[in-house]
Amino acid sequence: MKVQCELCPKQCLISPGQSGECRVRINIDGVLRTVVYGYPCSIHVDPVEKKPLFHFLPGSRILSIATVGCNLHCKNCQNWEISQANPEESTAFPCSPQRLIALTKEANCPSLAYTYTDPIIYYEYTYDSAKLARQAGIRNVLVTAGYINEDPWRRLLQYVDAANIDLKALSDEFYRDVCSATLKPVQDALIIAKASGVLVEVTNLIIPTLNDKAEQIRDLCRWVKANLGGETPLHFSRFFPRYKMRHLPPTSLKTLDLAREIAMDEGLQYVYIGNILSKEGQSTYCPECKKLLIERTGYTILQNRIEQGRCPDCKKEIYGVWQ
Amino acid sequence: MTRRKFIRKVLETCSITFGYICWFGQKISPRKFVKAVPGKKYPGRVEHLGSFVKQSKWSG
């Protein structure tokens, strides 16, 4: 008997013995099984700035996990060796949600990130771990493309504290051609996450010739401001030729700087550039008095002047989770 | 067309239409998300977790 997976908008109808597009949700004897539950392929301790999250416990370390698989197939994927891998060909570590919480405590991390591939495809593992983490006073972070159906998304968000969600382009054509997905569910996921009270930061990877035109960037910034608010941090990330997109050059610093200028011109208050060293593009400034609040270089915090979530000079409240 | 053929034709058309309406209704009706069940065994290689405190090479 075929089973239908209702997790993401792909709604895969899966024949016995087969998996959905994500490769990890399998029909075994008519039952939909998640074969990666409790088997992450990667467990590490990262700086929270690497996610990237710049408005969430700056300078803290975060236990970060992933299983293999992804429901998107981005031609530019930086982590394709794990995101596009079959579980059969992979190596994993047995780690129940309880063990994961114990590891987070052992590493003295205040938070736990579900990242690297996409936590949506290991949904049940993420959900159970996040629920336990919340009970243990550990915060939960998702790093995701946001390609998920509304019902499971809302259920998961009740345990999520912060999320970095990719908005790869404001173009359905781009999502179809480059990622084998569609734009609308991602927009919905962003709006729902923000409305649910989750700290949301958005990442846009700028790929030369595909989504680097000034008008494309301006449209994306306008959408973010109108739907998520001007206080939503936006990260423009540098593309490097990887996977099936090795023919394109890396994004230039000039393009990233221009994107940042456009975003700030459109009224976004916190705009960053990533995957490249840039002191100004990685530091946080007060949107009111323009003074430097958090100085960063790479993933390192050089100084953090925020006091109780406010600018120490003009007392403007700064969007984020600071303690 | 005989009366018998006409009735058969009407019944066929009705059943096809009814089938299509059922299929379409099922397709568009919102369905409750049901979680997947954890697998019994990992299909790939399983190793003991070593040191995990170092920074990952993966993006994100």
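**Note on the strands and sheets of this model**

1. Strand 11 (residues 199–206) and strand 12 (residues 234–238) of chain A pair in the parallel sense, joined by 5 bridges. Two strands count as paired if DSSP finds at least two bridges between them; strands are DSSP runs of E with at least two residues and helices are runs of H or I with at least four, numbered from the N terminus. Within this pair, A:Leu234 of strand 12 stands opposite A:Val202.

2. The model is predicted: local features need pLDDT of at least 70, side-chain atom pairs count only at pLDDT 80 or more, and totals for chains, interfaces and linings use all residues. Residues are numbered from 1 along each chain as its sequence is written, while chains are lettered from A and ligands numbered from 1 in the order in which they are written.

3. Chain A holds an open sheet of 8 strands, ordered 5-6-8-9-10-11-12-13, with mixed pairing. Strand 5 (42–47) and strand 13 (271–274) of chain A each have a single partner strand, so one side of each is left without a neighbour in the sheet. From one strand to the next, the twist averages 20 degrees, with axes fitted to C-alpha atoms, for helices over the stretch in contact, and angles running from 0 to 180 degrees between N-to-C directions.

4. Helix 2 (residues 97–106) of chain A lies across strand 5, strand 6 (61–66) and strand 8 (111–114) of chain A, at about 150 degrees to strand 6. Contact means C-beta atoms, placed from the backbone, within 7 Å.

5. Another open sheet, of 3 strands, has the order 3(A)-4(A)-1(B) and mixed pairing. Its edge strands are strand 3 (25–28) of chain A and strand 1 (37–38) of chain B. Strand 4 (residues 31–34) of chain A pairs with strand 1 of chain B in the parallel sense over 2 bridges; B:Val37 is the bridge partner of A:Arg33.

Methods
Two residues are in contact if their C-beta atoms, placed from the backbone, lie within 7 Å.
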